[in-house]
Amino acid sequence: MIKRHAVSCYLPRRTLDDLKRQARIEGVSLSAFTRQLLTLGLAERPSETIGDLAYRMLFATLALEALLSTHADKGLYEQVTKAWRAARDDGEGA
């Protein structure tokens, strides 16, 4: 069974009336109609955009570089860099 959680918001009277009218036309409750609108809206515009992922990757890259550069094994950074270059070069021919 799907567990559902309540969401509430304040709307102008006209918007609420429009939603109610459209729900009646669709033959569903206001709650079901609103859920459909939210679900479709989120599916069309995922919350994680390429920009969000790029910023996360930049953070992860900078954090990893900081950790590797301060690691006790000073050769570790070079090892990781060498392995990364090898993996990248192997993937370029594909």
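Predicted model: local features only at pLDDT ≥ 70, side-chain atom pairs only at ≥ 80, totals over all residues.
The secondary structure of the protein chain consists of 4 helices and 0 strands, and the order of elements from the N terminus is α-α-α-α. For 94 residues the globule rule gives 12 Å, whereas the radius of gyration of the protein chain is 25 Å, well over that value, so the chain is more spread out than a compact globule. Along the principal axes, the C-alpha atoms occupy a box of roughly 70 × 35 × 30 Å.

Burial and surface composition were computed for the protein chain as a whole. Of its 94 residues, 6% are buried. The accessible area of the protein chain is about 8700 Å², of which 62% is supplied by carbon and sulfur atoms. A nonpolar patch on the surface is formed by Tyr55, Leu58 and Leu62, which together account for about 360 Å² of accessible area. Tyr55 is located in helix α3, which covers residues 50-69. Because its relative accessibility is 64%, over the 50% cut-off, Tyr55 is classed as exposed.

Side chains of opposite charge can pair when their charged atoms come close. In the present model, 3 salt bridges are counted.

Two of these pairs involve residues of helix α1, and they are described in turn. Arg13 and Asp17 form a salt bridge with an N to O distance of 3.6 Å. Both residues belong to helix α1 (residues 13-26) and are separated by 4 residues, about one turn of the helix. Arg13 is exposed, at a relative accessible area of 55%, while Asp17 is partly exposed, at 30% relative accessibility.

In the pair Arg21 and Asp18, the closest N and O atoms of the salt bridge are 2.3 Å apart. These residues likewise both lie in helix α1, at a separation of 3 residues, about one turn of the helix. Arg21 has a relative accessible area of 42% and is partly exposed; Asp18, with a relative accessible area of 35%, is also partly exposed.

A further salt bridge links Arg88 to Asp89, with 3.7 Å between the closest N and O atoms. Arg88 is partly exposed at 37% relative accessibility, and Asp89 is partly exposed at 42%.

How values were computed: Residues numbered from 1 in each chain as written. Heavy atoms only, no water. Patch = residues over 30% accessible without salt bridge, like charges linked within 9 Å, V, L, I, M, F, W, Y side chains within 5 Å. Areas by Shrake-Rupley, 256 points an atom, 1.4 Å probe, with all protein chains shown as cover. Salt bridge = Lys/Arg side-chain N within 4 Å of Asp/Glu carboxyl O. Helix = DSSP H or I, 4+ residues; strand = E, 2+ residues; numbered from the N terminus. Buried < 20%, exposed > 50% of the residue type's maximum accessible area, 1.4 Å probe, protein only. Rg over C-alpha atoms; globule rule 2.2 N^0.38 Å.
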